[in-house]
Amino acid sequence: MSAPPSPTSFCPGEAAPPETDTLAVDGGLKPAGPTPSQSRFQVDLVAEAAGSEKTTATDCSSTATGDGAEKAAEEAKGRFRVVNFADPRSAASSPDAAPVDGVQNGDTVMSEGSLHSSTGGQQHYHYDTHTNTYYLRTFGHNTIDAVPNIDFYRQTAAPLGEKLIRPTLSELHDELDKEPFEDGFANGEELTPAEEAAAKEAAESKGVVKFGWVKGVLVRCMLNIWGVMLFIRMTWIVGQAGVVYSCVIVAMATVVTTITGCSTSAIATNGFVRGGGAYYLISRSLGPEFGGSIGLIFAFANAVAVAMYVVGFAETVVELLGTANLVMLDPINDVRIIGTITVLILLGISVAGMEWEAKAQIFLLVILISAIFNYFIGTFIPFESKEKYGFFGYDGGIMWENLGPDFRGETFFSMFSIFFPAATGILAGANISGDLADPQMAIPRGTLLAILITGLVYMGVAVSAGACIVRDATGVEHNGTLSADLTNCTGAACRFGYDFSSCRPVNEEKSSCLYGLHNNFQIMSVVSGFSPLITAGIFSATLSSALASLVSAPKVFQALCKDNIYPGIASFGRGYGKNNEPLRGYLLTFGIALAFILIAELNTIAPIISNFFLASYALINFSVFHASLANSPGWRPSFKYYNMWVSLAGAVLCCVVMFVINWWAALFTNVIVLSLYIYVSYKKPDVNWGSSTQALTYQQALTHSLQLCGVADHVKTFRPQCLVMTGAPNSRPALLNLVHAFTKNVGLMVCGHVRISSRRPNFKELNSDLVRYQRWLLNNNSKAFYTPVVAEDLRQGTQYLLQASGLGRLKPNTLVLGFKNDWSNGDMKDTEIYMNMIHDAFDFQYGVVILRLREGLDISHIQGQDDTSAMKDVVVSIDMSKDSDGDSSKLSSKATSVQNSPAVQKDDEDDGKAPTQPLLKKDKSSPTMPLNVADQKLLEASQQFQKKQGKGTVDVWWLFDDGGLTLLIPYLIASKKKWKDCKIRVFIGGKINRIDHDRRAMATLLSKFRIDFSDITVLGDINTKPKSESLAAFAKMIEPYKLREDDMDQEAAEKLKSDEPWRITDNELELYKAKSNRQIRLNELLKEHSSTANLIVMSMPLARKGAVSSALYMSWLDTLSKDLPPILLVRGNHQSVLTFYS
């Protein structure tokens, strides 16, 4: 490092005046670190190297604050919004550096952040070659636009670094007079409660113990895989299956575990891995349904496995005590006592912390490896005293004799089922993924190396045992003379002077030999160089596996608790201490283990535990296959040595092995997993982990949508696909519910919402509404899509929706409107727009459906009605809290086809403040306003289609053939569960002298359409003249809208008609007098025949575009449908939607 500069050294500002003119600095009036008023994102920074140089730079900066700089700063403040940008780590990176304040001038920022590097301790020098000064205006370090940084992509303030928020698009793109800077997360990366808790823990944890791949994964996996099986069952398996089959069994088990290890490695390297092991890997890959079911049984399996290993240890101790005639009570109770003491000691080691547990594991591994070496060394040191037990050292004859199988009451698959649990334990390292320094590197390296080492050791034991130990031995010195043996002796031991054939079993009888591979489980102790070390190895294997399981179970369960998949278990997820140890989880695991130790009936539970582990392996393999099949861009594991089809084969193998080990345990495991899966699926936890299930769903939807586009429409596959002009979906529940009744699981429903804006639209608010209302629909079990648009008027917005809504064949073909009840009281321009929407729909070859209720449809002016809709967290409060999922309090349902509210209200009238709040959060502390009678009736009417309809009728007035839509809709409604008690009655027009003929013809047609009906009524008096009072009421209705062209000159009449096109001319009124009378008469007939119907579905009259004025057409619709039960006016696009051909 160079010597400190002399006091006479010049300042950078003196050499480069243009630079300092834009730099307004304050030597040290501001505390280090960011303040709440500062911006929430960081600009990369340039730091100087030496502390003395920092001081010099600060001093020099202080002298640069002159009039020019102040003027530049004031000018910048006048023209731009001035924001401070700070490095949140600046205080930590240079605590002794005097912070400097800064000014944003346009796109250039010189701030405290400009003096510190985002790379931590590394400093960057930027010299001006002419002036030898530090050049601070480096690309990416002096702009609002941030350069790429890993901290922008973090989900939480993880131990590896702090999450930073990049500038939002609004902050870079919006005009300067706006205030785009808001608190919150960019890109919608708002954290779940579990992630927020993890962030808090990570922020609080200092000095956390993290393990590398050797101590964290390799050691644990080796200890868990090397179990008691290695010492007391491996030699017996060799005796039964022979050397060749034993190697095949080990190889088969190793293949399954290797495939699973590769799959685990692929998932673990596809992003940052948190704590939770198998549960975390499966849940983040396949979703909470599979993850939640496996997580629970995996944690339980580990807890019971603790009991299994401890009981194995206790039984060995009791046997040793028995040889010394030391018995406390009786063998079973002695096992319970020793097991309880052992599990208490293991619990103490675990609770002491992961560091102590890791030290204990290392100690046990040393003992275990010493025992293994002790065995192999012993095989090379034959003792004559050991020959009577069947050990003669390596011999070709013994090897040849032991190559083939010699099954005695066993089979190959039974041997495999006994051995395979010894190969499990490969997830011991992954289960403590949260305690690993680098899980992405540690899990693949440690797991696969452990599988390789343990597999080689198992195979080495099989080969060595088969090469130097005979299958049967008496344990008696020289049975006879060698000469005698030569005559009758059979077997490899004969060459060594031993005849063990006398005790071999005959005709599948039990062997009377006490030693040899077949008969002595402790033969490895005989072979070893120092037999007590084998006993120590057995102790080490059992205790290490028990300790690993005792740690794994709480860690997995803690991750499961934090995700809130199951109710009532969250308290067990709380962590304590710097390592976030789940102490409550330890106690729960201890309780489960202790209970099974006291039961001491583990032979029954052991196969189930093995199957639980295998189910986890199967799902891990399936996760890799599923993620690869989904072809999601997010599936990019850095571990490349995997194959989707090999992983699928691994999953199938795991399932096969489950049934090989124990078929009833496999069935039991599958039932448990399926039951938990169904429960979690039914509960639908509010989590979004970007699982491969979502990716595959998208891919399938995309593929099928494209396939649909290649198939032409057919009448048999017609479905009503409705564009419903609901506005805010919850503002017109009756309209939404009725359309949902005939589109649910049948056709598409799109809730259209036109937001009127004569000013520049707020697209951010539009996107906010899109997310909020779509979630509202999902929470209300409404199978519909929400599509908002911004337009200058309702007609223009509807045209946008008619043209652009839908995707391929999933495109609306029917426009559904609410009837405009207030047309006669409001602005007739709105009525003109409403009528033109109907004409536009017909122009686009859409069918049109209009719903009218006596009471009206729009309930948006009634506050607090979201309670009936199960909104949960998706509500909008007046103060616009987080639950609103957006920043807008204007949820405009006003700009849609409305009922009981004006159809159009301009934004500039109220400056964006909506008069109604469709999604108001009920404040329990504030008194609810009593509803008036009209609102009470409106509210009750709006909910009538949510209830089950009693016995009644759906009356279909099929007066005109529109292709069959008028008949198809009531059929679909009546087929739903809520409407199943309603009968369909059909009304048609006909001649008085042909009523019976017309009825029979219609009955024949309906039967061919396979549509059930209860009655057909032929109306022969439709063209009868209406009652005089009905005619008078119609005349009164249209009176205000007449043009009265006879009372003014032609030019004035034409100008008025041009300005007010809805006016009714005398000629038009006369021309369509018969049609007007027909609507009046039909209303009388409707009141006569259908006044008690649950629903009326009627053919909607058509009006020729350009010939019938809006006021007259609206009068027809109003007259036809007034004072009736709920009525649907339907007009198809005159393309057949029904057929009687197969």
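Select Val1097 and Leu1128: Val1097 stands opposite Leu1128 in strand E14. This is a predicted model. Now show strand E13 (residues 1095-1099) beside E14; the two run parallel and are joined by four bridges. Follow the chain from E13 to E14. The path goes through helix H38 (residues 1110-1121), and this β-α-β crossover is right-handed.

E9 pairs with E14 over five bridges, in the antiparallel sense. Pick Val848 to find Arg1131 of E14 opposite.

Stay on E14, residues 1127-1131. Is the strand mostly covered or mostly open? Mostly covered: five of its five residues are buried. Color the two faces separately. Ile1127, Leu1129 and Arg1131 lie on one side, Leu1128 and Val1130 on the other, and all are buried.

**Helix H28**

Select residues 794-804, which form helix H28. Which of its residues are buried? They are Leu794, Gly797, Thr798, Leu801 and Leu802. Look down the helix axis: these buried residues fall within an arc of 140°, so they line one face of H28. To see what covers them, show strands E5 (722-724), E6 (749-756), E7 (785-791) and E8 (814-818), together with helix H29 (828-843), which are included in the cover.

Check both ends of H28. At the N-terminal end, Asp793 is the cap, with a side-chain oxygen 3.0 Å from the backbone nitrogen of Arg795. Just after the helix, select Gly806, which takes a positive phi of about 95°.

**The nonpolar cores**

Move to the largest nonpolar core, which has 139 residues. Select Trp226, Phe231, Phe419 and Tyr458; these touch the most other members. Then show helix H12 (residues 288-323), which gives the most to this core, 15 residues.

Zoom in on Trp226. Beyond its neighbours within four places in sequence, its contacts include Leu365, Leu368, Ile369 and Ile372. Ile453, Thr454, Val457 and Tyr458 are also among them, as are Ala541 and Ser545.

Another core lies apart from the largest one, with 59 residues. Among them are Tyr834, Ile1064, Leu1082 and Leu1112. Nonpolar side chains tend to be buried together in soluble globular proteins.

**Last stop: Lys1025**

Select Lys1025, in the loop between strand E12 (1015-1019) and helix H34 (1028-1038). Is Lys1025 buried or exposed? With a relative accessible area of 66%, Lys1025 is exposed, because exposed here means over 50%. The C-alpha atoms of Lys1025 and Arg1081 are separated by 7.0 Å, though the residues are 56 apart along the chain.

How values were computed
Residues are numbered from 1 along each chain as its sequence is written. This is a predicted model: local features need pLDDT of at least 70, side-chain atom pairs count only at pLDDT 80 or more; totals for chains, interfaces and linings use all residues. Side-chain values use heavy atoms; hydrogens and water are left out. Buried means under 20% relative accessible area, exposed over 50%, partly exposed in between (1.4 Å probe, protein chains only). The arc is that of the directions from the helix axis to the C-beta atoms. Contact means heavy atoms within 4.5 Å. A polar contact is a pair of N or O atoms within 3.5 Å; within protein, one must be able to donate a hydrogen and the other to accept it, and residues adjacent in sequence count only if both atoms are side-chain atoms. A nonpolar core is a set of buried Ala, Val, Leu, Ile, Met, Phe, Trp, Tyr and Cys residues joined through side-chain atoms within 4.5 Å. Two strands pair if DSSP finds at least two bridges between them. A crossover is right-handed if, with the strands pointing away from the viewer, the path from the first strand over the helix to the second runs clockwise.
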